[in-house]
Amino acid sequence: MTGNELLAWIDTIFPGIELSLVDDSAVATSTHQDLPVAVTVGFSTVDTGLRLEADPSTLVGCELAVKGGVDKQLLAQTAIEATRIINSFGIPAQPGVLLENLFSNVELPPGATVGHGFLREPDLFYKGTPVHPEEGKLTVLLELVALTDTEYRIASEQGVEILKQQLRRRSVDITDWFRG
């Protein structure tokens, strides 16, 4: 997919995107359900080792989307920091991946309680995960969720599924980066 095709695909998911750079990395920002969202633009070209199970010759690439009740630029910085962590540790970009200390190089506003990240299949859409198939490659959208220390501890000690159950059961607003 060319850069323009990638932007067009992202714009079908989050209409009205604005393109910006964070440390020479492209990020699209928009709003989704009245909240700011940032999406990496081009991370899907990075081979993190994922292949389709049904067809191992098909590469799976992803773009990361993060949504929150904070400034779009902070969301953009967070998305790019997640790609740096994934790249530096050779972590596959897939649902269930935890990103410890995601915000160690991102300046959070006073009172923010999040410190870590979690990749999951997007829970943003009624129609499921956005995908863009091409010959030999599948591009998907992953959601980056900001976690508090307690939430991260639950996920790392008890598992991601337990965390998801607890977040649902307690009706936690994951877009609130100041949650207790």
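Biologist: By class, what does the lining of the largest cavity have?

Modeller: The lining has four nonpolar residues, one polar residue and two charged residues. Please keep in mind that this is a predicted model.

Biologist: Which residues line that cavity?

Modeller: The lining residues are K67, E143, L144, V145, A146, I174 and T175.

Biologist: Which strand gives the most to it?

Modeller: That is strand β8, which spans residues 137-148 and supplies four residues to the lining of the largest cavity.

Biologist: What is the volume of the largest cavity, and how many cavities of 30 Å³ or more are there?

Modeller: The largest cavity has a volume of about 40 Å³. The structure holds one cavity of 30 Å³ or more.

Biologist: How is such empty space found at all?

Modeller: A probe the size of a water molecule is rolled over the atoms, and this shows where empty space is left.

Biologist: Turning to pockets, what volume does the largest one have?

Modeller: The volume of the largest pocket is about 410 Å³. It is lined by 18 residues, and R120, D123, E143, R168 and I174 are the closest to its centre. E143 and I174 are also among the residues that line the largest cavity.

Biologist: How do the lining residues of the pocket divide by class?

Modeller: Seven of them are nonpolar, three are polar and eight are charged. Helix α4 provides the largest share of this lining, with three residues.

Biologist: At what angle does α4 pack against α3?

Modeller: Helix α3 (residues 149-158) and helix α4 (residues 160-169) pack at about 140°, and their axes are 6 Å apart. The angle therefore makes α3 oblique to α4.

Biologist: Which residues make that contact?

Modeller: From α3 they are E151, I154, A155 and Q158, and from α4 they are V160, I162, L163, Q166 and L167. Six residues in this contact are nonpolar, two are polar and one is charged.

Biologist: A new topic: is E81 buried or exposed?

Modeller: E81 counts as buried, because its relative accessibility is 5% and the cut-off for buried is under 20%. This residue lies in helix α2, residues 72-89. Beyond its neighbours within four places in sequence, E81 is in contact with L102, N105 and V106.

Biologist: And where is L108 found?

Modeller: L108 belongs to the loop between β5 (98-99) and β6 (114-120). With a relative accessible area of 22%, L108 is partly exposed.

Biologist: What is L108 in contact with, apart from its neighbours within four places in sequence?

Modeller: The contacts of L108, with those neighbours left aside, are L74, F103, V114 and W177. As for V70, the C-alpha atoms of L108 and V70 are 9.4 Å apart in space, while the two residues are 38 apart in sequence.

Biologist: Finally, which value of phi does D23 have, and where is D23 placed?

Modeller: The phi of D23 is near 50°, which is a positive value in a residue other than glycine. D23 is placed in the loop between β1 (18-22) and β2 (25-32). Its relative accessibility is 56%, so D23 counts as exposed.

Biologist: What about phi in D34?

Modeller: D34 has a phi near 70°, a positive value in a residue other than glycine. The loop that holds D34 lies between β2 and β3 (35-40). D34 counts as exposed, because its relative accessibility is 76%.

Note on methods:
Residues are numbered from 1 along each chain as its sequence is written. This is a predicted model: local features need pLDDT of at least 70, side-chain atom pairs count only at pLDDT 80 or more; totals for chains, interfaces and linings use all residues. Side-chain values use heavy atoms; hydrogens and water are left out. Helices (H or I, at least four residues) and strands (E, at least two) are DSSP runs, numbered from the N terminus. Buried means under 20% relative accessible area, exposed over 50%, partly exposed in between (1.4 Å probe, protein chains only). Contact means heavy atoms within 4.5 Å. Axes are lines fitted to C-alpha atoms, for helices over the stretch in contact, and angles run from 0 to 180 degrees between N-to-C directions. Angles under 35 degrees count as roughly parallel, over 145 as roughly antiparallel, 65 to 115 as roughly perpendicular and the rest as oblique. Ala, Val, Leu, Ile, Met, Phe, Trp, Tyr, Cys and Pro count as nonpolar, Asp, Glu, Lys and Arg as charged, and the others, Gly among them, as polar. On a 1 Å grid over the protein atoms alone, a cavity is a set of points where a 1.4 Å probe fits but cannot get out, and a pocket is an open set with protein on both sides within 12 Å along at least five of seven lines; lining residues have an atom within 4 Å of a point. Grid points are joined across faces, edges and corners, and a volume is the space filled by probe spheres set on the points.
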